[in-house]
Amino acid sequence: MNKLDKINRLLQKIKAKEGDSFTYNEETILAEYKHNDDNKSTTTIKILSVLGGILATLAFVGFLFLTRIFRSEVSMLVLGIVFVIAAIWVNKIYDKLIIDTASIALYIVGFLMIIFGIAEITDSKNFTVLVGLVIALVSLFSTQSYMLLFISVLALSGSLLSFIWLNEKPNAIHLYIVFQTLLLTIIFLNEAKIITFNKKFSRLYKPLRIGIMISFLVGLIATSKRGMIELSDNFFWISVIAISIGILYLIPKILGKLAIVETNSKIMIYVLILLLLGFSSGSPAILGGILIVLLSFYVNFRIGLVIGVASLIYFVSQYYYDLSFTLLTKSILLFGSGMLFIILYLFINKKLVTDDEV
Amino acid sequence: MENINNNDIHIISRHSNWSTTSVDDVLHSKIYSKKADWTHFLKLLFISLGVAFTTAGIIFFFAYNWNDLHKFIKLGLIGSLIIGLTLFVAFSKNSQTIKNVILTGVTMLVGVLFAVFGQIYQTGANAYDFFLGWTMAVALWVFISNFSAMWLVFMVLANITLVLYEKQVAHDWSPLTLLLLLILLNTVFLIGNFILSKKDKQYVWLQKIVAIAIVTLATFGVVVIIFDVDLAYNWPLLLVTIVLYIIGRFYAFNTKDTFYIAIIALSIIVILVALFLKVFDFDSGVLLLASLLVIAFVTVVVKYLMKLQKNWDNE
């Protein structure tokens, strides 16, 4: 079999590099390849499962509203717990792709029922949020399913956002963004460390990466549109500085990839980048979009790149649309940034081509 | 380790004592973007951003409608920009992609020219004929350059023209006529693009976006008809949807792409559930059944797609 040969060749090559200390469990490796082969998932299938799960959830929530179950907190709570456990348990004993839709629907419905039930019983918003946080955390450590891990990450971030929202401290969104920026940068740049740490972390890596990226994006969207939530202008610098640090931390790594070593080029690049950051300092969302694009391209993460570019286009348009300058000032700002980008393009064109030719 | 992929690294590292530094080395040398990728990416990124921002700057400048600027200067400025940039695109030795990006910027400037013309001579800025003129004026460039971003601009312009025509002129159209025409218009684009692109990878994302748009419109139309029996005379919409889905299914098999089957299947599921709810009314038990039906249908489709993908992979 072709595939078997390939795996064996890979293992031999790694062994040759690593030396005799390299040991592996051939049986489990082959088993995992076989499992992946039988349950080969594509992005299309993943999205279809999620959409199906959401559709089924909507119909089920409609059902709950029309029955008396919704009026009884205790039955909501009990049913919710049963559903969440069932979702995780079904995935554990029957780890097949085809049950994804069912377990996604079960999990989301169960999660919502527990939250509604708790909210009715306690009247304490923060306790309800805490329960959501705990369920998400517990699920994160008790399932191996890509989809449930992904949803748990979103539920975790959702709980944090609800905490900010329900306590009417909207400006705390900047702390959330700082936290997500940190997580995002660490996760993207430490793939090797995380996946070799242990099996749990290794399985968590991919759903965590996309989940945190979307959570970060949600935070950015909240800051992007004026008037969507009441945010004071006095705190935007917190997000701006955090994301700028993330970008500046990434730049030397990218310059390393581009093999740029001369000090003059480096100084020029940093001046241009600082100018660019300055131009965008009014909008953490634009900076965040740039961070997502750069990180995704750095680790060659396609879906991330597509999401990053799309959100960047949206954030830039929204920013200039909301900007309360005259059209003439806007025009000069846009024209100036456009020229800056063209200079950057010409610079790269000249610099990197000559480097290749030498 | 010529063709190791990210998945291989994850699986092998999971079941071995592969050291962190070696995994890091392999990731950097085999998976992550390298110098050539970065150079290509940054060039494309900066020229696209440069053209987009500069064009936006020009648009805002003319939108400001500076009264002290004589109309000849206004029109002359945009006109010479368009001519200059087009000549540059036609005769410069830059890469095709860079030239296409610039031509896309020029396409937007043609809109600015028409808008400023309309502003000066009071021809009305929102009228459908403004967009119609713009669409027709750039059509030739779209066919010649055959560049995906140009196609997107062109399709958006044509769709806006049609929607505005319905709003401003065609007051006697029945409610679903616009929907049907939008479906047909975008289908013509999609088929035209399939033929012109000859399976060029550049267009895959564009074709998928257009396909999603068509299927969404068709699903919406059919669901509206289901819930409003008075609209049952709209059989052409139903017929077009059926024909399109059959063609889509064959196209998917032809190109071995499960995407088209997935969106068509999802649309059919939504339609079936709508039909189910219409027949049995929104009763609590019916909603519970609907929820279970969705899960069952989607599961069957996922299983089918997996089998299909596996067969295609093994061929």
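**Asp68(B)**

I started with Asp68(B), which is exposed, with 5 other C-beta atoms within 10 Å. My cut-offs, using C-beta atoms placed from the backbone: 20 or more others within 10 Å is buried, 12 or fewer is exposed, and in between is partly exposed. Asp68(B) sits in the loop between α3 and α4 (71-91) of chain B. I then checked its distance to Asn6(B): the two are 62 residues apart in sequence and 60 Å apart in space, C-alpha to C-alpha.

**Ground rules**

I am reading a predicted model, in which local features need pLDDT of at least 70, side-chain atom pairs count only at pLDDT 80 or more, and totals for chains, interfaces and linings use all residues. Residues are numbered from 1 along each chain as its sequence is written, while chains are lettered from A and ligands numbered from 1 in the order in which they are written. Helices (H or I, at least four residues) and strands (E, at least two) are DSSP runs, numbered from the N terminus.

**Ile78(B)**

Next I went to Ile78(B), which is in helix α4 of chain B. Buried or exposed, I asked of Ile78(B)? Ile78(B) counts as buried because it has 21 C-beta neighbours inside 10 Å. Leaving out residues up to four places away in sequence, Ile78(B) touches Leu109(B), Val112(B), Leu113(B) and Val116(B). A contact here takes C-beta atoms, placed from the backbone, within 7 Å. I also looked up Ile59(B): it is 19 residues from Ile78(B) in sequence and 9.9 Å away in space, C-alpha to C-alpha.

**α11 and α12 of chain B**

I looked at this helix pair next. The axes of α11 (residues 258-280) and α12 (residues 284-314) of chain B come within 10 Å and cross at roughly 160 degrees. So α11(B) is roughly antiparallel to α12(B). For the angle terms, under 35 degrees is roughly parallel, over 145 roughly antiparallel, 65 to 115 roughly perpendicular, and the rest oblique. The axes are lines fitted to C-alpha atoms, for helices over the stretch in contact, with angles from 0 to 180 degrees between N-to-C directions.

I noted which residues make the contact: α11(B) contributes, among them, Ile261(B), Ile269(B) and Phe276(B), and α12(B) contributes residues including Leu293(B), Phe297(B) and Leu305(B). Nonpolar means Ala, Val, Leu, Ile, Met, Phe, Trp, Tyr, Cys and Pro, charged means Asp, Glu, Lys and Arg, and the others, Gly among them, are polar.

**Where chain B touches chain A**

How many residues of chain B are in contact with chain A? I have 60 residues of chain B against 67 of chain A. On the chain B side, the elements giving two or more residues are α1 (6-14), α2 (20-31), α3 (35-63), α11 and α12. α3(B) gives the most, with 17 residues. That side of chain B divides into 34 nonpolar, 18 polar and eight charged residues.

**Chain A and confidence**

I counted 15 helices and zero strands in chain A. Its C-alpha atoms fill a box of roughly 70 × 60 × 30 Å along the principal axes, and 37% of its 358 residues count as buried.

Last, I checked pLDDT, the predictor's confidence in each residue, from 0 to 100. Chain A averages 87, with 97% of residues at 70 or above; chain B averages 86, with 96%. In chain A, helix α15 (residues 327-357) is lowest at a mean of 78, and helix α8 (residues 173-189) highest at 96. The model scores ipTM 0.83 and pTM 0.86.

Note on methods: Contact = placed C-beta atoms within 7 Å.
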